[in-house]
Amino acid sequence: MSWRMAVAPPSYCFVAFPPRAKDGLVVFGKNSARPRDEVQEVVYFSAADHEPESKVECTYISIDQVPRTHAIVLSRPAWLWGAEMGANEHGVCIANEAINAREPAAETEALLGMDLVRLGLERGTTAKEALDVIVALLEEHGQGGNYYEDAHACHSFQSAYLIVDREEAWVLETVGKYWAAEQITEGVKCICNQLSLTTKIDAQHPELRSYAQSQGWWTGEDEFNFSEVFSPADDHLDCCAGKDSLEKKEESITVQTMIDILRDKASGVCIDSESFLTTASVVSVLPQNRSSPCIHYFTGTPDPSRSIFKPFIFVDDVKLVPKAQSPCFGDDDPAKKEPRFQEKPDRRHELYKAHQWARAVIESDQEQGRKLRKTMLELEKQGLEAMEEILTSSDPLDPTEVGDLFYDCVDTEIKFFK
């Protein structure tokens, strides 16, 4: 089993810019492919000031805290500190991909790629600022440690990131502390579990090329092609399924288009295999017009084709949603104690349990399952239509109306499953 687990399945993330995306909106989406039984939670943390000299405890190591962290909303595997994907109050979204590179990732505990997602969101007000935060922390602390809650084997990966704001996106790909990044301001982009940067590199580690030369991976004569230089020789994972499904869309890309792509099992974008599953999904809409709010839709449950995308908007008074949050085990958490992962506690939250029941119904009873899915999609459609109104309205957003938006959607969904 551990041999199979070590190959990360393709997880996809996407971004589309106007005019490919509709009406001056930047649309971002991500499916998180993780071990089948892993629970993902949706958590919100408000902006906060921190004492000088204070530390922040990440998944495996503690690092220096900054004076102020931004408000963030995350979708994350419930056992760790970081996140697979998330957004902050400034309209920055980040998603992470585990990738295999020519150089194996360190098993030594350091920062996980997922910790860097959260740190980038907490500390960056723009996509470029978040990128700078991530590469500086990478240089200082390195990346490494077990990506899975598994006591039997260490699965460590290098990381790639898609970092997006209302104006631009950056694709950041890392190998150890070395990195390269490409800026994107138009068209569509898909990244998955393979290095994708080639010769267009807009920012890079100062010693990237000399390092590649010292390893004998690049002659220094040929054109420098990042993924050719750093990909493993046997890397035949095909990540173009996602790219094709986005590029083939002839009409302009909307939230609904992105949701449909994330639900697509035939293309391989939605993973449902023996050991892996799309355990959570997110779609974000970032209007280029700053008077409109950014809207983030989270499932908080596995398999987007059987899940409801529920909207979240940042306002000063966001209502917390305990029903989408896993139980907290504090210092007794087997992920925190060494040796780690000696047991697996039940991390299912209320939304996950309710949804588990719904999935069982959909699988076992065709008639009832069909009805259930129809109602689920109806519920989702109401949310999408209400958000569409907010985006097209010329009136300013009333914060009191959306502070408990995600809370209400989760609540309705659970009631409807019971």
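## The open sheet

Eight strands form an open sheet in the order S3-S8-S9-S10-S11-S12-S13-S15, and their pairing is antiparallel. Strands S3 (40–45) and S15 (203–204) stand at the edges with a single partner strand each, so one side of each has no neighbour in the sheet. Two strands pair if DSSP finds at least two bridges between them. Helices (H or I, at least four residues) and strands (E, at least two) are DSSP runs, numbered from the N terminus.

This is a predicted model: local features need pLDDT of at least 70, side-chain atom pairs count only at pLDDT 80 or more, and totals for chains, interfaces and linings use all residues. Residues are numbered from 1 along each chain as its sequence is written, and side-chain values use heavy atoms, with hydrogens and water left out.

## Helices on the sheet

Strand S9 (residues 85–88) runs antiparallel to strand S10 (residues 93–99), joined by 3 bridges. Met-85 stands opposite Ala-95 in S10. Helix H2 (residues 113–123) lies across S3, S8 (72–77), S9, S10 and S11 (158–164), at about 165° to S10. Helix H3 (residues 127–141) also packs on the sheet, where H3 touches S10, S11, S12 (169–175) and S13 (178–184). The direction of H3 makes about 10° with that of S12. Axes are lines fitted to C-alpha atoms, for helices over the stretch in contact, and angles run from 0 to 180 degrees between N-to-C directions.

Glu-139 sits in H3. At 41% relative accessibility, Glu-139 counts as partly exposed; buried means under 20% relative accessible area, exposed over 50%, partly exposed in between (1.4 Å probe, protein chains only). Leaving aside neighbours within four places in sequence, Glu-139 is in contact (heavy atoms within 4.5 Å) with Lys-177 and His-205. Its C-alpha atom is separated by 7.9 Å from that of Tyr-178, 39 residues apart along the chain.

S16 (276–287) and S17 (295–298) pair in the antiparallel sense over 4 bridges. Val-283 stands opposite Tyr-297 in S17. S17 also runs antiparallel to S18 (residues 310–312), through 3 bridges. Here His-296 stands opposite Phe-312. Ile-295 and Tyr-297 point one way from S17, His-296 and Phe-298 the other way, and all are buried.

Ser-292 is found in the loop between S16 and S17. Ser-292 counts as buried, at 11% relative accessibility. Not counting residues up to four places away in sequence, Ser-292 touches Arg-166, Pro-287 and Leu-391.

## Nonpolar cores

A nonpolar core is a set of buried Ala, Val, Leu, Ile, Met, Phe, Trp, Tyr and Cys residues joined through side-chain atoms within 4.5 Å. The largest has 89 residues. Phe-14, Leu-162, Phe-224, Phe-226, Phe-230, Val-283 and Tyr-297 touch the most other members. Helix H9 (residues 366–392) gives the largest share of this core, 6 residues. Another core, of 45 residues, lies apart from it and includes Val-56, Ala-98, Met-114 and Ala-203.

## Helices H8 and H11

Helix H8 (residues 350–364) packs with helix H11 (residues 405–417) at an angle of about 40°, with the axes 9 Å apart. That makes H8 oblique to H11. Angles under 35 degrees count as roughly parallel, over 145 as roughly antiparallel, 65 to 115 as roughly perpendicular and the rest as oblique.

The crossing of H8 and H11 is left-handed, meaning that the near helix is turned anticlockwise from the far one by less than a right angle. Residues making the contact include Leu-351, Ala-354 and Trp-357 of H8 and Val-410, Ile-414 and Phe-417 of H11.
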